[in-house]
Amino acid sequence: MTNRRYEYIKGLNGHSEIALYVDTFEEVDEAYKKAVENGATSVLEPELEPWGQRTCYIADPEGNLIEIGFWNKPYEEKDLEGV
């Protein structure tokens, strides 16, 4: 989640969250802008989190929360431990 505390805003169902990951920081911004232009509700504008992830949140017309993000960290074999 983000580095701040928040509560679900009125109109979000809060039952599930979908996370979509793109390939670059720029694509986070582009996907967010396109989604909002096409009717999604902005919940959190794109921002860089302290741990290196650029992320944003939108809500679809049914109030489902959707995260769009990119993690600026190279994949490592250790990331599969415990999977």
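Tutor: Two strands pair if DSSP finds at least two bridges between them. Helices (H or I, at least four residues) and strands (E, at least two) are DSSP runs, numbered from the N terminus. Here β3 and β4 run antiparallel and are joined by seven bridges. A word on the source: this is a predicted model, in which local features need pLDDT of at least 70 and side-chain atom pairs count only at pLDDT 80 or more, while totals for chains, interfaces and linings use all residues. Residues are numbered from 1 along each chain as its sequence is written, and side-chain values use heavy atoms, with hydrogens and water left out.

Student: Which helices and strands does the chain have, and in what pattern?
Tutor: The chain has one helix and four strands. Along the sequence they follow the pattern β-α-β-β-β.

Student: What does β2 pair with?
Tutor: Strand β2 (residues 41–48) pairs with strand β3 (residues 53–59), antiparallel, over five bridges. Threonine 41 stands opposite alanine 59 of β3, and leucine 44 faces tyrosine 57 in the same way, as the residue opposite it in β3.

Student: How many residues lie between the strands of each hairpin?
Tutor: The hairpin of β2 and β3 has four residues between its strands, and glycine 52 in the turn has a positive phi of about 100°. In the hairpin of β3 and β4 there are five residues between the strands, and glycine 63 takes a positive phi near 85°.

Student: Is β3 mostly covered or mostly open?
Tutor: First the idea: buried means under 20% relative accessible area, exposed over 50%, and partly exposed in between (1.4 Å probe, protein chains only). In a regular strand the side chains alternate between the two faces of the sheet. Strand β3 is mostly covered, with seven of its seven residues buried. On one side are Gln53, Thr55, Tyr57 and Ala59, and on the other Arg54, Cys56 and Ile58. For the chain, buried residues make up 30% of the 83 residues.

Student: Why does glutamine 53 count as buried?
Tutor: Glutamine 53 counts as buried because its relative accessibility is 7%. Contact means heavy atoms within 4.5 Å. Leaving aside residues up to four places away in sequence, glutamine 53 touches Tyr21, Glu47, Leu48, Glu67, Gly69, Phe70 and Trp71. Tryptophan 71 is also the bridge partner of glutamine 53 in β4.

Student: Which residues form the largest nonpolar core?
Tutor: A nonpolar core is a set of buried Ala, Val, Leu, Ile, Met, Phe, Trp, Tyr and Cys residues joined through side-chain atoms within 4.5 Å. The largest has ten residues: Val22, Val28, Tyr32, Ala35, Ala40, Cys56, Ile58, Ile66, Ile68 and Phe70. Two or more of these residues come from each of α1 (25–37), β3 and β4 (65–71). Apart from this core lies another, of five residues, including Leu12, Tyr57, Ala59 and Leu65.

Student: What does cysteine 56 touch?
Tutor: Not counting residues up to four places away in sequence, cysteine 56 touches Val28, Tyr32, Leu44, Glu45, Pro46, Ile66, Glu67 and Ile68.
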